[in-house]
Amino acid sequence: MKSAVQDYEAIKASVEAAANEHGEPHWFVDRRLAAIDAMQDLALPQVQRYDYHRWPLMDNMDLSWHRSDKALADSVPAATDQIRFVQVGQTTVAINLPDELDEQGVILTDIFSAFREHPRLTEKYFMDKVTKADENKLTAYHQAFLNAGVFLYVPKGVTIKQPIEAYLIQDSTVKQAMVSHVLIVAEEDSSFSFIQHLNTKGDEQNAASCMVEVLARANSNVHFSSVDELGEHTYSFLHRRANLSRNARFDWAIGVVNDQNTLGDFTSELIGEGAHSESKVIAVTTGKQSNGINNRVVNKGKHTVANISQRGVLLEKSELVFNGIGDIIHGASGANAEQENRVLMMSDQAHGDANPILLIDENDVIAGHAASVGQVDQNQLYYLMSRGIDKEQAQRLVIRGFLGPVLEDIPLPEVRQEMIEVIERKLEDGQHFK
């Protein structure tokens, strides 16, 4: 025990020196150090029917800084009039924000510039109102070793019609964990869409801790989409949470199409009366990959509506566990929480699990669930193949049809199309279907 304490003290000293060298404000340096202290006693988050405890999610306890090659972002589509943030590793490559939005008070910048230049907002909201650093060992690790991210602030009454895009690229040409944070504050009556793109460049084995915090104030309307395409050498922890005030509307549309093991923890907390959230998740696993995803909605306010729709496809020897959790708190009368979790196994060696969990502590509510786990319908395949379609293409069509109900409900056409293209890339190796 003594050596472990000594190790943590050495880590704290190293982190403090690196943070001060980076010019970070004292309040954030203090939070880093407090998180390292908390890590020693905190447990890992629990995922029902899923074991990830041996994954190398916290192997890198080093805080250091280096510039990434901006050429790693060359695959990002050329920007013309798009609202866009591009970051490779710790290097911010581009920020495109129209002057008229800047004049209205919209802030789009990297997370550390936000700490320095907008302390009134960031100290108040970063891992304090939506997520607490001491929730579990992984959230504490995230605060302690944060090294990248983006901050978006949309003032009261501002409507942004064009989607805001953030390309966050893990630099795995070097040995360093990606610890990236997206903090979004949507003030009252604001409205916008935010699209996150996660991917990896390089072949080093690294962990990724990617967190999203959204504070949706009264009557705001926010749509958050993420296309997760992290690399085959990246073990990832994806923590995403939104807090909704009175009559706020917040929707998730997430495609988990990483190439290595992924732990997902997605939560919508409907705090204010009349808040509404839709959470749509698609996941595709291949090879020996293993994904465990908690998708949770918490109805705290009266007359809140929260729906979960999840669909997953498994190929080869992969594993996917969906936990859909609907939690209606005492006092949330008139709440409505519905969920659907469906898993399609394209291989008899795959393992899928869809677990609906309802926690209801109020009488005057509506709650329901649907869940299914099954293998591909051989009659469907036979029908398609009898029309001259080869087996691989027939299986792809079955997958597209299975995922269709979720894809079709994604309101942004550009997100729908990108998810389809990413899924196709994931499936393009014909070996997956053998």
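**Note on a predicted single-chain model**

1. Surface and size. The accessible surface of the chain comes to about 17700 Å², and carbon and sulfur atoms make up 45% of that area. The model is a predicted one. Its C-alpha atoms fill a box of roughly 65 × 55 × 50 Å along the principal axes. For 434 residues, a compact globule would have a radius of gyration near 22 Å; the chain has 21 Å, so the two agree.

2. Of the 434 residues, 59% count as buried. Among contacts in the chain with a separation of 6 or more, 82% are between residues 24 or more positions apart.

3. The sheet. The chain has nine helices and 19 strands. Ten strands form an open sheet with mixed pairing, in the order β2-β1-β5-β7-β9-β11-β13-β15-β17-β19. Its edge strands are β2 (91-96) and β19 (366-375), each of which pairs on one side only. From one strand to the next, the twist averages 5 degrees.

4. Strand β17 (residues 336-345) and β19 run parallel and are joined by ten bridges. Within this pair, Asn336 stands opposite Ile366 of β19.

5. Helices on the sheet. Helix α8 (residues 391-407) packs on the sheet and touches β13 (276-285), β15 (305-314) and β17; the direction of α8 makes about 165 degrees with that of β15. Helix α9 (residues 413-427) lies across β7 (191-201), β9 (221-229), β11 (249-256) and β13, and runs at about 15 degrees to β9. A student can find both helices in the viewer by these residue ranges.

6. Strand β1. Is strand β1 buried or exposed? Six of the six residues of β1 (residues 83-88) are buried, so the strand is largely enclosed by the rest of the structure. In a regular strand the side chains alternate between the two faces of the sheet. Here Ile83, Phe85 and Gln87 point one way from β1, while Arg84, Val86 and Val88 point the other way; all are buried. The buried set therefore includes Gln87 and Arg84 along with Ile83 and Val86, since buried means under 20% relative accessible area.

7. The partners of β1. Strand β1 runs parallel to β5 (residues 164-171), and six bridges join them. Val88 stands opposite Ile169 in β5. With β2, the pairing of β1 is antiparallel, over five bridges. Asn96 in β2 is the bridge partner of Arg84. The two strands β1 and β2 form a hairpin with two residues between them, and Gly89 in the turn has a positive phi of about 60 degrees.

8. Nonpolar cores. In soluble globular proteins, nonpolar side chains tend to be buried together. Which residues touch the most other members of the largest nonpolar core? They are Leu152, Ile160 and Phe192, out of 52 residues in that core. Strand β8 (residues 206-216) gives the most to this core, with five residues. A second, separate core has 49 residues, including Val15, Met39, Ala114 and Leu263.

9. Contacts of Phe192. Neighbours within four places in sequence are left aside here. Phe192 is in contact with Leu152, Val154, Ile160, Ile164, Ile184, Ala186, Asn221, Val222 and His223. Two of these, Leu152 and Ile160, are named with Phe192 among the residues that touch the most other members of the largest core.

Notes. Residues are numbered from 1 along each chain as its sequence is written. This is a predicted model: local features need pLDDT of at least 70, side-chain atom pairs count only at pLDDT 80 or more; totals for chains, interfaces and linings use all residues. Side-chain values use heavy atoms; hydrogens and water are left out. Two strands pair if DSSP finds at least two bridges between them. Helices (H or I, at least four residues) and strands (E, at least two) are DSSP runs, numbered from the N terminus. Axes are lines fitted to C-alpha atoms, for helices over the stretch in contact, and angles run from 0 to 180 degrees between N-to-C directions. Contact means heavy atoms within 4.5 Å. The radius of gyration is taken over C-alpha atoms; the globule rule is 2.2 Å times the number of residues to the power 0.38. Buried means under 20% relative accessible area, exposed over 50%, partly exposed in between (1.4 Å probe, protein chains only). Accessible areas come from the Shrake-Rupley method with a 1.4 Å probe; for residues, only the protein chains shown count as cover. A nonpolar core is a set of buried Ala, Val, Leu, Ile, Met, Phe, Trp, Tyr and Cys residues joined through side-chain atoms within 4.5 Å.
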